[in-house]
Amino acid sequence: LPCIEQAEQCLIGSILLGGADVVAECVEAFSKCNEQAFYNYSHQLIYLAAKSLADAGEPIDLSTVTARLISTKMLDDAGGASFIAECWNSVPSTANTAHFISLVKGCWTMRQIIEKGTEVVSAAYDADPEDVESLVAKAYQTIADLATDAEKRCRKLAETLPVVRERIEQLIMSDDSLVGLDTGFHWINKW
C-alpha cells in the first residue's frame, strides 16, 4: 500500500523538534484520518503520544514523548528509544513540515482510494443485476466522500484569489508610486 516511510519519519522528527505548533498543523491536516495518516504503526504511536502531550498542554520533545510512551508501556511497540531518536535526527528543522504533511496525507488518501475501490469492486461482484442503479449510486458516493476534502481546499483558493486580484488592481491604480517597502533610495523604489 502507498507509504513514504521517510516522509513519515521526517514528519515525526518535525513534531519532536517543533512541538505543539507542528502537532496542531497535523491535527488540522489529519482531521479525517487522525493517526491513521501514518502507515507505520510505530509512527502512529509516537504521533498519539505527542498529541496527548499537546492536549494536556505539556511540552513536546524527544524526552517527553519517550517518557509518555514509557508511562503508557508502548515504547517497545513504538520502536524503542533509539528509533524515536532516529526520527528526531531525521530532520534539521521544521521548515519542510507542510511538505511532509502533504506527502503523508497524500499516501493516506491513496490507501483510502484503494480500500474504497476494493469495496466497490466487491459490491459489484455481489450485486443483483436488477439493482445496478443502487450499486452505481453507492460507488459514486464512496468516491465523492473522498473528494470533499480536495474540494474544500479548492474553494478556499477560489475565495482568496478575488481578494488578491482586487488588492493588486488597487496597487496598480494607486497614485502612490511606492508599492512595497521604502528602501530609502528613491531610484530603487521606482522598481
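Helix α1 meets helix α5 through Q9, I12, G13, L16 and L17 on the α1 side and I84, E86, C87 and W88 on the α5 side, where contact means heavy atoms within 4.5 Å. The model is predicted; local features need pLDDT of at least 70, side-chain atom pairs count only at pLDDT 80 or more, and totals for chains, interfaces and linings use all residues. Side-chain values use heavy atoms, without hydrogens and water, and residues are numbered from 1 along each chain. The axes of α1 and α5 lie 7 Å apart at an angle of about 85°, which makes α1 roughly perpendicular to α5 (65 to 115 degrees). The contact residues of this pair comprise six nonpolar, two polar and one charged.

Helices α3 (residues 41-55) and α4 (residues 62-71) cross at roughly 105°, and their axes come within 9 Å; α3 and α4 are therefore also roughly perpendicular. Here L45, I46, A49, A50, S52 and L53 of α3 meet T64, V65, R68 and L69 of α4. Seven of these residues are nonpolar, two polar and one charged.

V65 and L69, together with I15 and F30, touch the most other members of the largest nonpolar core, which has 33 residues. Such a core is a set of buried Ala, Val, Leu, Ile, Met, Phe, Trp, Tyr and Cys residues joined through side-chain atoms within 4.5 Å, buried being under 20% relative accessible area with a 1.4 Å probe, protein chains only. Each of α1, α2, α3, α4, α5 and α6 supplies at least two core residues. Beyond its neighbours within four places in sequence, F30 contacts residues including L11, Y47, I101 and V104. In α6, I101 and V104 are among the buried residues.

Note on methods
Axes fitted to C-alpha atoms, helices over the stretch in contact; angles between N-to-C directions. Helix = DSSP H or I, 4+ residues; strand = E, 2+ residues; numbered from the N terminus. Parallel < 35°, antiparallel > 145°, perpendicular 65-115°, else oblique. Nonpolar A, V, L, I, M, F, W, Y, C, P; charged D, E, K, R; others polar. Buried < 20%, exposed > 50% of the residue type's maximum accessible area, 1.4 Å probe, protein only.
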